[in-house]
Amino acid sequence: MKTFEDLGVRDDLRRAIEELGFENPMPVQERVIPHLLNEDSDVVALAQTGTGKTAAFGLPVLQRIDPNIRRPQALILSPTRELCLQIGSDLADFSKYMPAVKVLPVYGGSSIESQIRALREGVQIIVATPGRLIDLINRGVVNLSDVHTVILDEADEMLNMGFLDSIDAILAHVPNNRKMLMFSATMPDEIGRIAKKYMHDPVEFVVGNRNEGAANVKHIYYMVKAHDKYLALKRIVDDSPNIYAIIFCRTRRDTQEIADKLIADGYNAEALHGDLSQQQRDIVMKKFRDRVVTLLVATDVAARGLDVDDLTHVINYGLPDDTAVYTHRSGRTGRAGKTGVSVAIIHSREKGKLREIEKKIGKTFERKDVPTPQHIIEKRLYNFADRIEKAKVDDTEINKYLPGVSRKLDWLSQEDLLKRVLALEFNRLLEYYRDAPNIDFIDEKPRKEKPERGEKPRNEKEKDRRTAGKGMARIYVSAGKSQGFYAGNLIDLLNHCVVGKRVDVGRIDLMPSYSLFDVPKADAHRVVEGLKGAEFMGKRLYCEIADPDKNYARASQRKNRDNEFEPETTADYFRNKQKKSKK
């Protein structure tokens, strides 16, 4: 096995990284460091998040810095403030025994005056987010004419965040003969176009396979009904007593809502999304890194560039549309040779998207049953027993109070005492999971049976359609597939017309002239009030709590004849709307 000395890393740098616990180089370091130290060609390196990329480019950059020149010689661009700070901190650690070398993180959300003062005092390496660096260039306080190395870290995320024009503007101030390095976790086509535009015959290093998932991450999924997703999330968390996880949601609204629910249910959780100020984000991230908070509920944009060690799980509360985004998410666990778990909580309509991700990342997701209450309680009891067994006891302090406590409890047997200790810890959990149902989605299609003579299967099927699930209310709305009304339109109407918190929607049945859907009983009247009089395709909707004995097909036909909701195609609707606007 090679050592950092074999790679050509200098003594003072080796001494610093050995104190940080670096023993042997990781694969990306083993391949990239010798090339950067001995060759002048540009480099494109593809490696998963958490595989040691910062040291792979950081050690050679530090070794090539001239400490006597107090002007910027290396520029590292990162997509987010958090990653910028992390890289700056790592480089400062690596250069512990290089006192003349100064590293400056430059980012938005912090005092620009203090950054200007540091630049005037002299720095050799700038780690920057594009926006703040352009601001400093425009103010005339950054001179990049001596920069010999430019590094784009997390280049694919920089593309996703729309920084291409900013990179153009920055590189216009850097010498053409600079050395350029690009590090990325995935390799979309745009990366190749950037390499062609900015780089000179780059050498490509691929550690692992293109766009594959991290090798140390296990990918599993749970399938439940859409309205059971939050229940499944809680069971997954409860089944992992030492969980330290990021929970990814698709929208800011979902992120805040899920975090609020978890906090209300007694979990150490916080939300991280774009509506938070920079100060709020810093507070949340400090609490998460210090493990005061163990569940971080985040959007992809907010979590970009986060560098957090030892995550046990990444939980996908909603699957992303882009496979590269899933790769980034899952790559945040299983880092630095450790194992991790990437969990997807899906409903039946997301199964196709899951299969697409499997093909792209070259990994197979293992389907698991949602943990049962019995399994959760048993696992947490044993975990609690382990904690009691391993608890550190300070005899000097405890012994002072032991006689008094013993007199108070000496009437209890060992078994009674143990029961009371467990009850204090687990009463809430036992109460919550008492009579809790199985929430796994059974996706096997039942075999069709021939109805016996005299039965009316169609009528029974119609009645079942009008009957709500357990704990839910069935809602009728006077629009169906013949009017171009589908599930997405329904969800959009609910989000825009129903006042208050977001409504969890259960089973949806779309018929030609009407639709039926389930919502929690507590939300039923709020939903009906919100949708009554709402418009779809220019027509007013009628809505009510469904009556299991009512024939809604006939009722809807009558309403259409009475012109309450005439069928109208999408094309007709926009044509008529255009005519009205001309008048």
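Predicted model: local features only at pLDDT ≥ 70, side-chain atom pairs only at ≥ 80, totals over all residues.
## Overall make-up

The chain has 583 residues, and 47% of them count as buried. Its secondary structure comes to 24 helices and 20 strands. Among contacts between residues at least 6 apart in sequence, 76% join residues at least 24 apart.

A search of the whole structure finds zero disulfides. Cysteine 543 is buried, at a relative accessible area of 0%. Cysteine 497 has 25% relative accessibility.

## Salt bridges

Side chains of opposite charge can pair when their charged atoms come close. Across the whole structure, the search finds 28 salt bridges.

Lysine 229 and glutamate 350 form a salt bridge through their side chains, with an N to O distance of 3.2 Å. The partners come from distant parts of the chain, 121 residues apart. Lysine 229 belongs to helix α11 (residues 229–238), while glutamate 350 sits in the loop between β13 (340–346) and α16 (351–361). Lysine 229 has a relative accessibility of 9% and counts as buried. Glutamate 350 is also buried, with a relative accessible area of 9%. Both residues fall in the buried class because that class covers values under 20%.

Aspartate 518 and arginine 474 make another salt bridge, at 3.0 Å from N to O. Aspartate 518 lies in strand β17 (residues 515–520) and arginine 474 in strand β15 (residues 472–477), so the pair ties together parts that are 44 residues apart in sequence. Both aspartate 518 and arginine 474 are buried.

## A local pair and a network

Arginine 507 and aspartate 509 also meet through their side chains in a salt bridge, with 3.2 Å between N and O. Their accessibility classes can be set side by side. Arginine 507 is partly exposed at 35% relative accessibility, whereas aspartate 509 is buried at 18%. Aspartate 509 takes the buried label because its value is under the 20% cut-off.

Salt bridges also link a group of residues into a network. Its members are Asp254, Glu257, Lys261, Arg502 and Asp504.

## Packing of α21 and α22

Helix α21 (residues 487–497) packs against helix α22 (residues 524–531). Their axes are 9 Å apart, and the angle is about 95 degrees. That makes α21 roughly perpendicular to α22.

On the α21 side, the contact involves Leu493, Leu494 and Cys497. On the α22 side, Val527, Gly530 and Leu531 take part. The contact residues divide into five nonpolar, one polar and no charged.

Leucine 36 lies in helix α3 (residues 27–38). Its relative accessibility is 3%, so leucine 36 counts as buried. Leaving out residues up to four places away in sequence, leucine 36 touches Val43, Ala56, Phe57, Pro60, Arg64, Lys179 and Leu181. Lysine 179 is 143 residues from leucine 36 in sequence. In space, the two are 9.5 Å apart, C-alpha to C-alpha.

Glutamine 115 lies in helix α6 (residues 112–121). This glutamine is buried, with a relative accessible area of 4%. With residues up to four places away in sequence left out, glutamine 115 touches Leu104, Pro105, Val106, Tyr107, Ser110, Arg132 and Leu136.

## Positive phi in loops

Aspartate 201 has a phi near 45 degrees, a positive value in a residue other than glycine. Aspartate 201 is placed in the loop between α10 (189–198) and β7 (203–206). Its relative accessible area is 71%, which means that aspartate 201 is exposed.

Arginine 291 is not a glycine either, yet has a positive phi of about 65 degrees. Arginine 291 sits in the loop between α13 (278–289) and β11 (295–298). At 42% relative accessibility, arginine 291 counts as partly exposed.

Key. Residues numbered from 1 in each chain as written. Heavy atoms only, no water. Disulfide = S-S within 2.5 Å. Buried < 20%, exposed > 50% of the residue type's maximum accessible area, 1.4 Å probe, protein only. Axes fitted to C-alpha atoms, helices over the stretch in contact; angles between N-to-C directions. Helix = DSSP H or I, 4+ residues; strand = E, 2+ residues; numbered from the N terminus. Parallel < 35°, antiparallel > 145°, perpendicular 65-115°, else oblique. Contact = heavy atoms within 4.5 Å. Nonpolar A, V, L, I, M, F, W, Y, C, P; charged D, E, K, R; others polar. Salt bridge = Lys/Arg side-chain N within 4 Å of Asp/Glu carboxyl O.
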